[in-house]
Amino acid sequence: MKKILIINGPNINMLGSREPGIYGNATLADIEKAISSLAKELKVEVEFFQSNHEGEIVDKIQSVKDKVFAIVINPAAFTHTSVAIRDAISAIAAPAIEVHISNVYSREEFRHKSYIAGVCIGQIAGFGVDGYLFALKKLASL
Ligand code: DQA
């Protein structure tokens, strides 16, 4: 069975109470529940990882080299800063899709730049929880 790793970066563990006007009311647990139920339908295995620490995300990506089929990643604030996460994705063969809950392009200019998108097969932004589900569906179909 294809295994897909779902990575969420800093402050995504605060969803639900964090700026609900921007990110909605769903908690990270709600998102993971929705992903798990779609994964069941698609007959893929999913693993969840959330960290507020850049190095931990790099370590996690390195650790799944040759062990996962694909990655869905919401790098959160590290999207706009992290060459290290970009390089980690480049270093492993698994295809990745970058997801953002909010439309980063309608927000502050510093959110318009992604260091990660260029090493992903695509980017989804602005569709809330559905972005994760679409990414999973796409990766499962590869
Ligand atoms: C985010 C957008 C980022 O700019 C922000 O730093 C986040 C969440 C999103 O999902 O919309 O933490 O990745």
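**Entry 1: helix α3**

I began with what covers the buried residues of α3, and the cover includes β1 (3-8), β2 (45-50), β3 (70-74) and α4 (83-91). I count a contact when heavy atoms lie within 4.5 Å. Helices (H or I, at least four residues) and strands (E, at least two) are DSSP runs, numbered from the N terminus.

Which residues of α3 are buried? In this helix, residues 54-63, I looked up I57, V58, K60 and I61, and they are buried. The arc they cover around the axis is only 160°, which puts them on the same side of α3. I take that arc from the directions that run from the helix axis to the C-beta atoms. Buried means under 20% relative accessible area, exposed over 50%, and partly exposed in between (1.4 Å probe, protein chains only). A handy reminder for me: an α-helix has 3.6 residues a turn, so residues three or four places apart point the same way.

**Entry 2: ground rules**

I am reading a predicted model, where local features need pLDDT of at least 70 and side-chain atom pairs count only at pLDDT 80 or more, while totals for chains, interfaces and linings use all residues. Residues are numbered from 1 along each chain as its sequence is written, and side-chain values use heavy atoms, with hydrogens and water left out.

**Entry 3: the ligand**

Which residues surround the ligand? I listed R18, Y23, N74, A76, A77, H80, H100, I101, S102, V104 and R111; a residue is near a molecule if one of its heavy atoms lies within 4 Å of it.

Next I looked for polar contacts (pairs of N or O atoms within 3.5 Å). An oxygen atom of the ligand lies 2.7 Å from an N or O atom in the side chain of H80. For the side chain of H100, the distance from a ligand oxygen to an N or O atom is 2.8 Å. With I101, a polar backbone atom is 2.8 Å from an oxygen atom of the ligand. Taken alone, the ligand exposes 320 Å², and the protein buries 99% of that. These areas come from the Shrake-Rupley method with a 1.4 Å probe.

**Entry 4: two positive phi values**

Most residues other than glycine have a negative phi. I found N11 with phi near 75°, in the loop between β1 and α1 (20-23). At 37% relative accessibility, N11 counts as partly exposed.

D66 has phi near 65°, also a positive value, and sits in the loop between α3 and β3. Is D66 buried or exposed? At 69% relative accessibility, D66 counts as exposed.

Technical notes: A polar contact is a pair of N or O atoms within 3.5 Å; within protein, one must be able to donate a hydrogen and the other to accept it, and residues adjacent in sequence count only if both atoms are side-chain atoms.
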